[in-house]
Amino acid sequence: MLRQPVKKGPAFHGALQSAIIILLEEMRPSIWARLSSEGWPEFLEQWKRYMTQADITVVTESQLPVIVELYNQVFRPPENENYFRRRFQGRYNVLAMLASLDNRPVGFCVGFELKPLVFYTWLLGVHGDFRRKSIGRQLLESQLEWAKNHNYEFARLEILNRHRAMMHLTVLLEYDVVGTRWDSMHTDLLIQFEKPLTNDLR
Ligand SMILES: CC(C)(COP(=O)(O)OP(=O)(O)OC[C@H]1O[C@@H](n2cnc3c(N)ncnc32)[C@H](O)[C@@H]1OP(=O)(O)O)[C@@H](O)C(=O)NCCC(=O)NCCS
């Protein structure tokens, strides 16, 4: 037997409205508690970061000078284009991405295939004036998305022990620590991280 549709009259809408008001009243203390413990400046700062959406593009070889310039603003010692070209030699699926804000390049990431099914993040850098605005995160997430779409099953990276900000970001993105090795060139320990790119490998 077909049931008659129930017409929701003013009483129903009134009750729904009251339920929403009660729910908001319930939530209000936790919002206020958060605001008063963290303070308005912190809250606004977080909001500002949330609103900073960078323009992320895949870079062609002709734009290598832009990457090199950014690299030299972030890393020491300075390097030239040959340093990059040498590293790319014999590499499959070299991927360079640029993050821009209002057409100004502010960050970059570079990666390539380490071996079949594993994509390696070689470099990630964000200009000092634009850090903690989620640009590094957007770059790394875009690279991971690209790798996943190109059928890689794992993402790997190695971080010098001194690069703490990168370590924080990697842990935030749920990479696992899979090893360490001594880097004689930088005289520092490298921490090796890996992340499965397909859910069924997690
Ligand atoms: C590592 C680096 C790329 C991060 O870029 P970024 O745009 O500042 O990072 P994000 O704003 O995307 O950070 C995302 C999250 O990572 C964590 N994080 C990033 N930097 C952090 C720091 N200095 N301290 C603690 N946590 C940090 C935070 O959880 C942050 O979220 P939050 O700001 O909401 O708290 C940037 O610091 C950098 O270029 N460093 C120098 C180069 C370098 O060390 N590269 C790595 C080796 S290849």
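This is a predicted model: local features need pLDDT of at least 70, side-chain atom pairs count only at pLDDT 80 or more; totals for chains, interfaces and linings use all residues.

Residues are numbered from 1 along each chain as its sequence is written. Helices (H or I, at least four residues) and strands (E, at least two) are DSSP runs, numbered from the N terminus.

**Strands**
- Strand β7 (residues 188-196) pairs with strand β5 (residues 154-160) in the antiparallel sense, over seven bridges. Pairing requires that DSSP finds at least two bridges between two strands.
- Phenylalanine 154 has proline 196 in β7 as its bridge partner.
- Strand β6 (residues 176-183) also pairs with β7 in the antiparallel sense, again over seven bridges.
- Aspartate 176 has glutamate 194 in β7 as its bridge partner.
- Four residues lie between the strands in the hairpin of β6 and β7, where threonine 187 takes a positive phi near 40°.

**Helix α4**
- Helix α4 (residues 135-149) has 15 residues and should span 21 Å at 1.5 Å a residue; its end C-alpha atoms are 21 Å apart, which agrees. The expected span is 1.5 Å times one less than the number of residues.
- Buried residues of α4 include Ile135, Gly136, Leu139 and Leu140. Buried means that 20 or more other C-beta atoms, placed from the backbone, lie within 10 Å of the residue's own.
- The buried residues of α4 pack against β1 (55-58), β2 (95-101), β3 (104-115), β4 (118-126), β5 and α5 (164-172). Contact means C-beta atoms, placed from the backbone, within 7 Å.
- Asparagine 151 follows α4 and has a positive phi, near 70°.

**Nonpolar core**
- The largest nonpolar core has 18 residues, of which Met97, Ala99, Phe108, Cys109 and Leu139 touch the most other members. Such a core is a set of buried Ala, Val, Leu, Ile, Met, Phe, Trp, Tyr and Cys residues joined through C-beta atoms within 7 Å.
- Two or more residues of this core come from each of α2 (64-74), β2, β3, β4 and α4.
- β2 gives the most to this core, with five residues.
- Leucine 139 touches Ile56, Met97, Ala99, Gly107, Cys109 and Leu124, leaving out residues up to four places away in sequence.

**Ligand shell**
- Of the 20 residues around the ligand, Arg131, Gly136, Arg137, Ala165 and His168 come nearest. The shell cut-off is a C-beta atom, placed from the backbone, within 6 Å.
- β4, α4 and α5 each give two or more residues to the shell.
- α5 gives the most, with five residues.

Technical notes: A residue is buried if 20 or more other C-beta atoms lie within 10 Å of its own, exposed if 12 or fewer, and partly exposed in between; C-beta atoms are placed from the backbone. Two residues are in contact if their C-beta atoms, placed from the backbone, lie within 7 Å.
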